[in-house]
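Hi,

Here is the structure I promised to pass on.

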Amino acid sequence: MSHRSPLSTSLRRDHGLRTAARLPFFLALLISALVVTPVHADEILQKGARNPFKGTVLSEDINKVKYKLDGVAQAQEIDAAQVADISYDDAPDAYKQGRELLKKGDAENAANSFRLALKQKTKNNWINVYGNYYLGQALQAWGAKDAGKLKEAATVYTQLLKDAPDCRFMPDALKRNADVLAAAKDANGAAALYDRLAQVARERKLGIAWECRALILKADAFLTANMTKEAEAAYAAAGSFAESNAGAQKDEAIKRELDAISGRASLSQGAALLRNKKFGEARSFFEKVASRPNAAPEVIAAARNGVGEVLLEEGKPRDALEQFARVRVVFYLAREEVARATYFLGRTMQALKDAEPNGKKKANEYFAEVIERYGDTPWADRARAEIK
């Protein structure tokens with residue numbers, strides 16, 4: 001491979017300019033424009049890919065994203081479920097700033113940026129959907145510190161679902177709307193939305209995983225509101241549904257998720273003990289589950305995280321640290337539990353305070369990792385609320 005020096009590049013550029021100067025004015029201007037004008041394009045990031053591919057997004061909805069590549073006459077499409085993110089070439093600066101602030105955990109300023117971005121105009125008015133979707137997320141994260149913002153987040157999500165019921169974000173926006181109500185301890189309101197999500201998943205053929213998530217999150221909402229009887233019934237339903245459907249899944253990632261949900265449902269008794277501060281009983285329960293010889297890795301990981309939470313509540317952060325670190329290393333394929341362990345490693349660093357060198361910095365690094373790598377899990381919102 002030959003390498004050109006900066007000097008030779010400069011000489012060729014000068015020669016090109018002199019050549020253009022001898023051409024008719026308009027032709028020279030055209031050549032100059034072709035040389036210096038950057039090519040703008042939308043960017044579509046596919047799940048699992050490192051880099052996005054570029055083209056022009058023609059349309060997007062809950063099922064498909066249609067786009068056209070430069071130089072290719074025929075439009076193409078990709079399943080919306082396979083799209084991780086889309087960056088439009090005409091994105092307002094306020095929108096881009098809002099995304100960065102949200103990623104860093106600055107929810108208040110992110111919300112203000114998204115509100116400003118929503119006043120701008122874009123092609124196909126995509127900003128109306130994206131701006132409100134991420135404004136809802138910013139208010140949701142802000143709500144962890146200011147409960148009043150949870151109501152605002154619910155209002156934004158509700159309006160988004162009304163205005164754009166077939167948008168690509170619909171399932172997650174519906175889930176987040178329910179999550180907000182659950183965080184506000186409106187368990188019945190949250191349960192109604194999780195039921196709606198399960199129904200939408202069936203009717204729109206979004207996949208068994210969405211339906212299963214809705215069932216387990218409904219149970220979590222009841223537990224958060226201390227509705228023990230309802231929580232127990234919901235966990236039993238979620239666990240039974242996940243267990244009965246896991247074996248039929250050809251996609252290994254979906255099978256693992258259903259196994260994890262089944263396992264988490266079986267751990268609901270320990271979660272209730274922990275929530276009621278019966279630490280000794282909770283620890284014994286989790287230890288017993290973690291020692292089961294035929295337990296799925298996701299179940300063992302969840303049990304180990306449960307032990308870690310108990311130890312953290314008992315004021316034993318060093319011992320808790322060992323449990324969470326073990327989950328990250330040994331059970332790295334149990335993605336949801338790794339996200340949970342990473343979040344609690346941040347909390348453990350906070351608990352250690354001055355006993356851990358650079359503890360605050362390490363805590364923020366763990367929270368940032370959850371936001372960056374596990375942004376689609378509930379732990380990301382909790383991490384945004386903690387990061388400083």
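Below is what I found in it, going from the whole chain down to single residues.

Before anything else, bear in mind that this is a predicted model.

**The chain as a whole**

The chain has 18 helices and 5 strands. Of its 388 residues, 46% count as buried. I also looked at contacts between residues at least 6 apart in sequence, and 52% of those join residues at least 24 apart. The accessible surface of the chain is about 21000 Å², and carbon and sulfur atoms make up 52% of that.

**The cores**

In soluble globular proteins, nonpolar side chains tend to be buried together. Here, the largest nonpolar core has 79 residues. Which residues have the most contacts inside that core? They are Ile86, Tyr95, Phe114, Tyr130 and Tyr134. If you click on Ile86 and skip residues up to four places away in sequence, you will find that Ile86 touches Glu43, Ile44, Val57, Glu60, Val65, Tyr130 and Arg168. Another core, of 41 residues, lies apart from the largest one, and its members include Leu267, Ala290, Val307 and Val310.

**The aromatics**

Searching the whole structure turned up 18 aromatic pairs. One of them is Trp126 with Tyr130, an edge-to-face pair with 5.3 Å centre to centre and 85° between the planes. Both residues sit in helix α5 (residues 126-142), 4 residues apart, which is about one turn of the helix. Are Trp126 and Tyr130 buried or exposed? Trp126 is buried, and Tyr130 is buried as well.

Tyr343 and Trp379 make another pair: their ring centres are 5.6 Å apart and their planes are at 35°, so this pair counts as tilted. It links distant parts of the chain, with Tyr343 in helix α16 (residues 335-352) and Trp379 in helix α18 (residues 378-386), 36 residues apart. Both Tyr343 and Trp379 are buried.

Two rings have a charged side chain over the face. Arg99 lies over Tyr134, at 4.1 Å from the ring centre, while Lys149 lies over Trp142, at 4.3 Å from the ring centre.

Lys175 is in helix α7 (residues 170-183). Is Lys175 buried or exposed? With a relative accessibility of 9%, Lys175 counts as buried, because the cut-off for buried is under 20%. Leaving aside neighbours within four places in sequence, Lys175 is in contact with Tyr194, Leu197, Trp210 and Leu217. Arg213 is 38 residues away from Lys175 along the chain, with 9.0 Å between their C-alpha atoms.

Asp220 is in helix α9 (residues 208-224). Its relative accessibility is 18%, so Asp220 counts as buried too. Not counting residues up to four places away in sequence, Asp220 touches Tyr235 and Arg264.

That's the lot for now.

Cheers

Definitions and conventions: Residues are numbered from 1 along each chain as its sequence is written. This is a predicted model: local features need pLDDT of at least 70, side-chain atom pairs count only at pLDDT 80 or more; totals for chains, interfaces and linings use all residues. Side-chain values use heavy atoms; hydrogens and water are left out. Rings of Phe, Tyr and Trp (its six-membered ring) pair if their centres lie within 6.5 Å; planes under 30 degrees apart count as stacked, over 60 as edge-to-face and the rest as tilted. Helices (H or I, at least four residues) and strands (E, at least two) are DSSP runs, numbered from the N terminus. Buried means under 20% relative accessible area, exposed over 50%, partly exposed in between (1.4 Å probe, protein chains only). A charge sits over a ring if NZ of Lys or CZ of Arg is within 6 Å of the ring centre and within 35 degrees of the ring normal. Contact means heavy atoms within 4.5 Å. Accessible areas come from the Shrake-Rupley method with a 1.4 Å probe; for residues, only the protein chains shown count as cover. A nonpolar core is a set of buried Ala, Val, Leu, Ile, Met, Phe, Trp, Tyr and Cys residues joined through side-chain atoms within 4.5 Å.
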